[in-house]
Amino acid sequence: MKFITTLKANLLILIPAVILLGLAGLIILFTEESYALIETLSTSIRSYFGRFYLILGLVCVLLLVGLAVSPIGKFKLGRTNEKPAFSRLSWIAMLYSAGMGAGILLRAVQEPVFMQQNPPIATETSAEIQALEFTFYQWGFTAWAFYAVFALAIGTAVFKYGRPAYTSSTVFTHSKTRASKIGIKSIDLLVILTTVFGLIAAVALGARQIKGGLDYLNGALLSENVSLVIISAIGVFALISALSGLQKGIKLISRANIFLCVTLLFFVFLQGNILSILNQFVIALYHYCIDFIPLSLAYGNFDPGEAFLTDWTYYYWAFWIAWAPFTGIFIANISRGRTLREIIIGVLLIPSLGSFFWFTVFGQSAFELIDEWGSYNREFDNVFSSLFIFLSNYPPQSIVNALVILLLLSFLVTSLDSAILVLSLHNSRSENPSKRSRILWGLLLTLTTIAFTILSFNKENVDVLNTMQKLLIVTSLPLSFFMVWMLFRWIKSLLTKA
């Protein structure tokens, strides 16, 4: 009996582990066929359901704005007189680190420059403003709206109805009927697998960016084994942080992330054309706000075409949806004691504005560098080295690049430790998951990331890590359908007095 109980308790670790082993085996045995199948599925999903993703994103933003200004916005996640568990700075730092993380470093220069060099639509605004507007759009309100609806729906289920902090709690009462049990396990397994796929790709790609920076600084390619050392270090620090809990490890590292981010941001900002950056920020933000609805629907003159939408917007929307359950559970757990209105403003507005200013500072500074060069030879095309190439134009290079590498490591640690905590919550079915559960998840995530990275070294004819990202797009489709169901149940629960 004890063996069966232990087996059931670890089932949500064993099943993902078996699936990951099976996936690795398929890639080894049928490399090109596996890649072709995943590529076809992800492209088809974006082609057939891309417009649905756009509408869903717009509905989420408008719904959250409506709730924030309505009397329902006063509803508190927790007891009426309960105070927030974390200060506002720590809260914002943790949700931003979990929600965006290393991505803003990966795309800081590459994406705005790509948009400037390849304007998505024909418009009277300058290529620079259009580039910033589209970058804002892809990293702004909609992405955070996906996170917020999951966070608030889960928070409502937990703090209003006393259900466990799982995604399935938003639509199931966790009764003991057979249908309920099947539904709960199916939804939670989908969320776990999506989170695991996302973490493997994020940590592996982040390690590759760090190695890319070290290669650039070293002036020569380092051994591929450096990536494995980096992943191992991230795994160790993330596990230590997860074992320390929210109040210690995760909170402290998240605050360090924000401090390092702000330091790097103002380092570039104060050496750039300050008035030009501020002017571009205000103009791009104005255009983004007034164009938000036609942009969100890719309507009329704001339709950049199916090819652009498939490669960029649909890809981002599917990616944000895939990350939303994991991020939402984490945000719900750190938001106890705050009202819906405060959470919506905090999650939807503050991180978005921070990202907009970030991309303006790096994007506008990169535009001006290109103008000084007189020509652009695709120096910023590579996402892994673009930021380091950009920063090589600022003194002192060694200190700044060391800061970027430290920040990359810190963001990846925060993403991984948040995932370990959330996955442990699902596995242990407890508000305070055991240390053994956290250790098991930490080891599984770290070892599978190392395994798929080694696999990527040996499979030069297929981008294994990119394939893992494409898997997120495949799993985002059932999650997007689930979101519609979840939204209806959530609104109904908010309107119910009991």
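Which residues line the largest cavity?

## Largest cavity

In this predicted model, the lining of the largest cavity is made up of Thr194, Thr195, Gly198, Leu199, Ala322, Trp323, Phe326 and Leu472. Helix 9 (178-218) and helix 15 (313-334) are the elements that give two or more residues to this lining. Helix 9 contributes the most, with four residues.

Five residues of the cavity lining are nonpolar, three are polar and none is charged. The volume of the largest cavity is about 40 Å³, and the structure holds one cavity of 30 Å³ or more.

## Largest pocket

By class, the pocket lining has 20 nonpolar, nine polar and five charged residues.

At least two lining residues come from each of helix 4 (88-99), helix 5 (103-106), helix 6 (110-117), helix 9, helix 15, helix 18 and helix 20 (464-495). Helix 9 gives the most to the pocket lining, with six residues. Helix 9 is also the element that gives the most to the lining of the largest cavity.

## Packing of helix 8 and helix 16

Helix 8 (residues 141-161) packs against helix 16 (residues 340-373) at an angle of about 155°, and the two axes are 9 Å apart. Angles over 145 degrees count as roughly antiparallel, and the two helices are therefore roughly antiparallel to each other. Their crossing is right-handed.

On the helix 8 side, the contact involves Phe141, Trp144, Ala145, Ala148 and Leu152. These meet Leu340, Ile343, Ile344, Val347, Leu348, Leu349, Pro351, Ser352 and Phe356 of helix 16. The contact residues of the two helices comprise 13 nonpolar, one polar and no charged.

## Backbone features in loops

The peptide bond from proline 395 to proline 396 is cis, and its omega is near -15°. Proline 396 is located in the loop between helix 17 (386-391) and helix 18 (397-428). Helix 18 is also among the helices that supply at least two residues of the lining of the largest pocket.

Alanine 298 has a phi near 50°, which is a positive value in a residue other than glycine. This alanine 298 belongs to the loop between helix 13 (292-297) and helix 14 (306-311).

Note on methods:
Residues are numbered from 1 along each chain as its sequence is written. This is a predicted model: local features need pLDDT of at least 70, side-chain atom pairs count only at pLDDT 80 or more; totals for chains, interfaces and linings use all residues. Side-chain values use heavy atoms; hydrogens and water are left out. Axes are lines fitted to C-alpha atoms, for helices over the stretch in contact, and angles run from 0 to 180 degrees between N-to-C directions. Angles under 35 degrees count as roughly parallel, over 145 as roughly antiparallel, 65 to 115 as roughly perpendicular and the rest as oblique. A crossing is left-handed if the near helix is turned anticlockwise from the far one by less than a right angle, and right-handed if clockwise. Contact means heavy atoms within 4.5 Å. Ala, Val, Leu, Ile, Met, Phe, Trp, Tyr, Cys and Pro count as nonpolar, Asp, Glu, Lys and Arg as charged, and the others, Gly among them, as polar. On a 1 Å grid over the protein atoms alone, a cavity is a set of points where a 1.4 Å probe fits but cannot get out, and a pocket is an open set with protein on both sides within 12 Å along at least five of seven lines; lining residues have an atom within 4 Å of a point. Grid points are joined across faces, edges and corners, and a volume is the space filled by probe spheres set on the points.
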